[in-house]
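Reader: I would like to go through the terms used for this model and see what each one rests on.

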Amino acid sequence: MERFIQGLPKAELHLHIEGSLEPEMLFSLAERNGVQLPYASVEEVRQAYQFSNLQSFLDIYYQGAQVLLQEQDFYDLMMAYLRRCHDERVIHAEIFFDPQTHTERGVEFATVINGLQRAIVDAEAEWGMSAKLIMCFLRHLSAESAMATLEQALPFKDWILGVGLDSSELGHPPSKFIEVFARAKAEGWHRVAHAGEEGPPAYIYEALDLLQVERIDHGVRAMEDPLLMQRLAQTRMPLTVCPLSNVKLKVFERMEDHNLRDLLKQGVAVTLNADDPAYFGGYLNQNFIAAWQALNLTEEELVELARNSFLASFISDERKRSFIARLETYAQAAPAQ
Ligand SMILES: [Zn+2]
């Protein structure tokens with residue numbers, strides 16, 4: 001089954017590029033840029049990746065991002081991730097970046113996006129994959145800061161597929177960002193938001209009704225509200241679920257407790273994703289493998305998760321059909337058992 005998962009064509013829809021910064025690259029960029037790190041070794045960094053909740057992770061994540069200063073740093077980060085996609089048969093990726101994590105430190109918006117986009121162009125040429133950027137606003141910062149970021153992004157509009165909302169969820173409901181999401185919609189951008197990871201189902205309603213999102217990132221706490229579950233299933237609203245992240249950040253105590261299979265069974269369009277793989281112990285295939293092992297997912301369910309990833313993506317219907325045809329050809333030609 002692991003081989004089957006490895007070769008399964010799939011899309012990644014919930015991946016923070018800053019969260020793919022591996023400890024080895026953290027050290028090499030720190031050295032290249034003369035940034036002092038509070039760690040003596042790669043092992044010590046990995047030791048520090050023990051989290052009790054979302055905030056304990058975010059504190060370390062923002063610290064790590066400080067080594068990213070030059071356009072080449074962002075290029076190298078993205079290229080390393082896309083190489084991983086190529087190895088894992090991720091044939092399409094919609095990748096989050098957090099401009100404010102960098103602009104707040106004095107790095108220009110253009111420096112960030114030029115590096116990221118140049119790597120995407122090179123990877124597409126080299127491996128024939130497709131990748132696009134989704135710009136996330138940090139919800140612990142103000143709505144004004146989000147709007148200013150949106151305006152900085154306008155000259156790069158064509159490189160950006162949509163906008164999202166991430167960082168500390170509790171205390172920062174989607175309703176804080178109504179105006180900026182309305183503006184994003186007017187600019188023709190797609191909209192997604194993290195909701196219902198640590199926050200209550202009410203945040204999922206807000207994301208749907210007030211921000212008019214087209215996907216919910218995480219959303220696993222929807223299970224607490226039967227009416228919401230019914231609505232998600234009926235509208236086939238995608239949830240980009242991140243199993244390893246959820247266990248690492250104690251949303252679920254153990255992988256065996258994860259509700260993704262129940263969500264699937266109740267008709268919700270679940271996709272599997274890696275979130276911040278350098279911090280949470282694995283990229284997309286590792287998430288598939290961990291979920292399969294703990295929840296006894298069937299081959300049909302694994303294929304359904306991969307199919308959902310294409311259906312929930314923001315590519316044209318024609319490309320969706322072509323990716324799903326590749327998936328089905330694979331599943332028929334290479335059954336796991
Ligand atoms: Zn996330």
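Predicted model: local features only at pLDDT ≥ 70, side-chain atom pairs only at ≥ 80, totals over all residues.

Author: Residues are numbered from 1 along each chain as its sequence is written, and side-chain values use heavy atoms, with hydrogens and water left out.

Reader: Why are E1 and E8 said to stand at the edges?

Author: The open sheet has eight strands in the order E1-E2-E3-E4-E5-E6-E7-E8, with parallel pairing. Strand E1 (10–16) and strand E8 (269–272) each have a single partner strand, so one side of each is left without a neighbour in the sheet. From one strand to the next, the twist averages 25°; angles run from 0 to 180 degrees between N-to-C directions, and axes are lines fitted to C-alpha atoms, for helices over the stretch in contact.

Reader: Which way do the residues of E8 point?

Author: Ala269 and Thr271 point one way from E8, Val270 and Leu272 the other way, and all are buried. In a regular strand the side chains alternate between the two faces of the sheet.

Reader: Why is serine 313 called buried?

Author: Buried means under 20% relative accessible area, exposed over 50%, and partly exposed in between (1.4 Å probe, protein chains only). Serine 313 has a relative accessible area of 3%, so the term buried applies. Serine 313 is found in the loop between H16 and helix H17 (317–333). Leaving out residues up to four places away in sequence, serine 313 touches Leu13, His92, Glu94, Arg215 and Lys320, where contact means heavy atoms within 4.5 Å. The C-alpha atoms of serine 313 and proline 238 are separated by 9.2 Å, although the two are 75 residues apart along the chain.

Reader: What makes the crossing of H10 and H11 left-handed?

Author: A crossing is left-handed if the near helix is turned anticlockwise from the far one by less than a right angle, and right-handed if clockwise. The axes of helix H10 (residues 201–209) and helix H11 (residues 226–235) cross at roughly 35° and come within 10 Å, and the crossing is left-handed. Among the residues that meet are Ile204 and Leu208 in H10 and Leu228 and Leu232 in H11.

Reader: Which hand does the crossing of H5 and H7 have?

Author: H5 passes H7 in a right-handed crossing. Helix H5 (residues 71–88) and helix H7 (residues 109–127) pack at an angle of about 35°, with their axes 7 Å apart.

Reader: Which residues of H4 are buried?

Author: In helix H4 (residues 54–64), they are Leu54, Phe57, Leu58, Ile60, Tyr61, Tyr62 and Gly64. Their packing partners include E1, helix H2 (23–33) and E3.

How values were computed
Pairing = 2+ DSSP bridges. Helix = DSSP H or I, 4+ residues; strand = E, 2+ residues; numbered from the N terminus.
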